[in-house]
Amino acid sequence: MTKTIKSETSNKRYFLTIDGDQATDCTCGDRTFRHHTCKHMTHFNAEVTRAAAFLALKARIAAAEREARVAHRIAFELMMGL
């Protein structure tokens, strides 16, 4: 998959190649001439990592809320003698 990224300092646009959930290549000059991970790739990979952490936290919160509802229902049923 390819994502178009606008330069922060000019009107240029770069193409960021994404394989799976990580940026693997970029058409910016830094990546093209120096052959190392550029700031565009680093930024994209950090955003993916943050999004994954957020989704994992959201899933943990949802599971805790489900467990709390079940515990509340059980306590209510015990209190009512059901």
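Modeller: Helices here are DSSP runs of H or I with at least four residues, and strands are DSSP runs of E with at least two, numbered from the N terminus. By that rule, Ser7 falls in the loop between β1 (2-6) and β2. The model is predicted, so to speak of a local feature takes pLDDT of at least 70 and to count a side-chain atom pair takes pLDDT 80 or more, while totals for chains, interfaces and linings use all residues. Residues are numbered from 1 along each chain as its sequence is written, and side-chain values use heavy atoms, without hydrogens and water.

Colleague: What makes up the chain, element by element?

Modeller: The order from the N terminus is β-β-β-α-α. That is 2 helices and 3 strands.

Colleague: Why is the chain called more spread out than a compact globule?

Modeller: Take the radius of gyration over C-alpha atoms, and compare it with 2.2 Å times the number of residues to the power 0.38. For 82 residues that globule rule gives 12 Å; the chain has 23 Å, well over it, so the chain is more spread out than a compact globule. The C-alpha trace spans about 75 × 20 × 20 Å along its principal axes.

Colleague: Why is Ser7 called buried?

Modeller: Buried means under 20% relative accessible area, exposed means over 50%, and partly exposed is in between, with a 1.4 Å probe and protein chains only. Ser7 has 7%, so it is buried. Across the chain, 17% of the 82 residues count as buried.

Colleague: What does Ser7 touch?

Modeller: Contact means heavy atoms within 4.5 Å. Leaving aside neighbours within four places in sequence, Ser7 is in contact with Lys12 and Tyr14. Its C-alpha atom is also 9.2 Å from that of His40, 33 residues apart in sequence.

Colleague: Is Cys28 buried or exposed, and why?

Modeller: Cys28 has 3% relative accessibility, so it counts as buried. Cys28 sits in the loop between β3 and α1. Not counting residues up to four places away in sequence, Cys28 touches Tyr14, Cys38 and His40.

Colleague: What makes a set of residues the largest nonpolar core here?

Modeller: A nonpolar core is a set of buried Ala, Val, Leu, Ile, Met, Phe, Trp, Tyr and Cys residues joined through side-chain atoms within 4.5 Å. The largest such set has 10 residues: Ile5, Tyr14, Leu16, Ile18, Ala23, Cys26, Cys28, Cys38, Met41 and Phe44. At least two residues come from each of β2 (13-19), β3 (22-26) and α2. The top contributor is β2, with 3 residues. In soluble globular proteins, nonpolar side chains tend to be buried together.

Colleague: Which residues does Met41 touch?

Modeller: Beyond four places in sequence, Met41 touches Leu16, Ala23, Thr24, Asp25, Cys26 and Arg31.

Colleague: Why is Asn45 called buried?

Modeller: The relative accessible area of Asn45 is 16%, so it is buried. Asn45 belongs to helix α2. Its contacts, not counting residues up to four places away in sequence, are Asp21, Gln22 and Ala23.

Colleague: Which class does Ala46 fall into, and why?

Modeller: Ala46 has 29% relative accessibility, so it counts as partly exposed. Ala46 too is placed in helix α2. The C-alpha atoms of Ala46 and Gln22 are separated by 9.3 Å, at 24 residues apart along the chain.

Colleague: Is His35 buried or exposed, and how do you know?

Modeller: At 62% relative accessibility, His35 counts as exposed. His35 lies in the loop between α1 (29-34) and α2 (39-80).

Colleague: What is the phi of His35?

Modeller: About 55°, a positive value, although His35 is not a glycine. Most residues other than glycine have a negative phi.
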